[in-house]
Amino acid sequence: MIMLLSEFWNQDDEDAGQPFSGSSGRFIASCLSQVGIKFDDCYRTSVLQFRPPSGDLKRICVANKKDGVPGFPSLLKSGYLNKQFTSELDRLFTEIETVNP
């Protein structure tokens, strides 16, 4: 099983309720098709299953590492994912274990 993983949802994903729904999904589907892989046969998910305010990752990050998700690296040059989103990472790790890509 191939797992396609995005950072977070864009507006198209949010509208459809699933990742890779808009132009990015069509582009990836086209690329996969060229190597004989069906897009619909791939498991699709996101690190964050929501769209950050204004689609800006900085809006959900904190500057201080102690306020970020424990053990998770910096997402931006000086920003850590706010620990209030720990459940998103727990869900992702469970998905990866379950799907076993």
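User: In this predicted model, which residues does serine 46 touch, not counting residues up to four places away in sequence, and with which side chain does the side chain of serine 46 make a polar contact?
Analyst: Setting aside residues up to four places away in sequence, serine 46 touches Leu5, Ser6, Glu7, Phe8, Trp9, Pro19, Arg91 and Leu92. Among these, a polar contact at 3.3 Å joins the side chain of serine 46 to the side chain of tryptophan 9.

User: Is serine 46, found in strand S2, buried or exposed?
Analyst: Buried means under 20% relative accessible area. Because its relative accessibility is 0%, serine 46 counts as buried.

User: What distance separates the C-alpha atoms of serine 46 and glutamate 88?
Analyst: Serine 46 lies in strand S2, while glutamate 88 is one of the buried residues of H3. Although the two are 42 residues apart along the chain, their C-alpha atoms are separated by 9.2 Å.

User: Why do the buried residues of H3 lie on the same side, and what arc do they cover?
Analyst: The buried residues in H3 are Glu88, Leu89, Leu92, Glu95 and Val99. In general, an α-helix has 3.6 residues a turn, so residues three or four places apart point the same way. The face of H3 turned away from this buried side carries the exposed residues Glu97 and Thr98.

User: Which strands do the buried residues of H3 pack against?
Analyst: Strand S2 and helix H3 are the elements that give two or more residues to the largest nonpolar core, which includes Leu89 and Leu92. The buried residues of H3 pack against S1, S2 and S4.

Terms used. Residues numbered from 1 in each chain as written. Predicted model: local features only at pLDDT ≥ 70, side-chain atom pairs only at ≥ 80, totals over all residues. Heavy atoms only, no water. Core = buried A, V, L, I, M, F, W, Y, C linked by side-chain atoms within 4.5 Å. Buried < 20%, exposed > 50% of the residue type's maximum accessible area, 1.4 Å probe, protein only. Helix = DSSP H or I, 4+ residues; strand = E, 2+ residues; numbered from the N terminus. Contact = heavy atoms within 4.5 Å. Polar contact = N/O pair within 3.5 Å; in protein donor to acceptor, adjacent residues only side chain to side chain.
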